[in-house]
Amino acid sequence: MNFHRRNLNLLVALDALITDKNITRAAERLHLSQPAMSNVVARLREWLDDPLLVRGPSGYTLTPRAQELAVPLRTILGEIEGLVSARVFDPATSQRTFHIAMNDASVLLPQLLASLAKEAPGVEVKINGYSSFPEQQLAYGELDLVIGSFGEVPQGCRGEQLFEGHPVCAVRPGHPRIGNELSLTDLVNEKHVVAVADDHMYLVYARNMLARHNATLDICAHVSHFMEAALIAAQTDLIATVPNRLAQTCRSTFGLRVLPAPFDFPPFQVQQVWHERTQQAPDHQWLRERVRRLVGAA
């Protein structure tokens, strides 16, 4: 293939087409007219000898070839952007927006925003939740950082452990039946609010531990986030089992009582994960260092 005869701006258009899966939206992203975008799509199809986008019963669908190109294309464009962009990041004057994925942001986000207000007043942070690791969004550059407990870091990403935590139990002040300690009998007799799926390792672990005593966990509410579970426990007689750092935040904020579970849960590791193409980017390095520093100070 002779690249001297190719306009490599077509790669930017291809990335928009793959990201939006829609010619009209890709045109809007690139600030092109509809006829101009149609011409670009025709050139891409001729160049790659593939239709790239086909109409299906519920809208447009990427071809296998387009899906195959998605991640390496985003990586290449990110590397090119890094080559030609300024290698200096000044947080004091930056107007950048960082996109971070994390659940239960209430532990880290207030500290991060306070730090930004002092060091980077023009920087904005947008937080997204997730149900499974958002690998594709990292690869596409839609996310800058993911924070959570994942285990093995996916190929093409880098990661580091921020801290180790463990589940604890939280109840409201003045709970009529629970004193300064939580016994196994208390755990079995009381009702619970949980923020994990039925097959989550900690819920399975708790059920297995109780099964040794021919007992079960009486769950009356499932919610999406640990903070929701903690807020419900603060206003009812339910027990919430939540990560220890979140529990400490809730204790200082609205007086939740934090008690160890009557058996030891295995610890979990919380990581920050980023795409390897941003490894040397000054703005990304700055963000990761701030997160690392804030977690270490907690």
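Val 40 counts as buried at 12% relative accessibility, because the cut-off is under 20%. The model is predicted. Val 40 sits in helix 3, residues 34-48. Beyond its neighbours within four places in sequence, Val 40 is in contact with Leu 10, Ala 13 and Leu 32. Its C-alpha atom lies 11 Å from that of Ala 26, 14 residues apart along the chain.

At 1.5 Å a residue, helix 1 should span 16 Å. Its end C-alpha atoms are 17 Å apart, which agrees. Lys 21 follows helix 1 and has a positive phi, near 55°.

Next comes the pair formed by helix 9 and helix 10. Their axes come within 11 Å and cross at roughly 40°. The two helices are therefore oblique to each other. The crossing is right-handed. The table lists the residues that meet.

| Helix | Residues | Residues in the contact |
|---|---|---|
| Helix 9 | 226-235 | Phe 226, Met 227, Ala 230, Leu 231, Ala 234 |
| Helix 10 | 244-254 | Leu 246, Cys 250, Phe 254 |

By class, this contact of helix 9 with helix 10 has eight nonpolar residues, no polar ones and no charged ones. An α-helix has 3.6 residues a turn, so residues three or four places apart point the same way.

Technical notes: Residues numbered from 1 in each chain as written. Predicted model: local features only at pLDDT ≥ 70, side-chain atom pairs only at ≥ 80, totals over all residues. Heavy atoms only, no water. Axes fitted to C-alpha atoms, helices over the stretch in contact; angles between N-to-C directions. Helix = DSSP H or I, 4+ residues; strand = E, 2+ residues; numbered from the N terminus. Parallel < 35°, antiparallel > 145°, perpendicular 65-115°, else oblique. Left-handed = near helix turned anticlockwise from the far one by under 90°. Contact = heavy atoms within 4.5 Å. Nonpolar A, V, L, I, M, F, W, Y, C, P; charged D, E, K, R; others polar. Expected span 1.5 Å × (residues − 1). Buried < 20%, exposed > 50% of the residue type's maximum accessible area, 1.4 Å probe, protein only.
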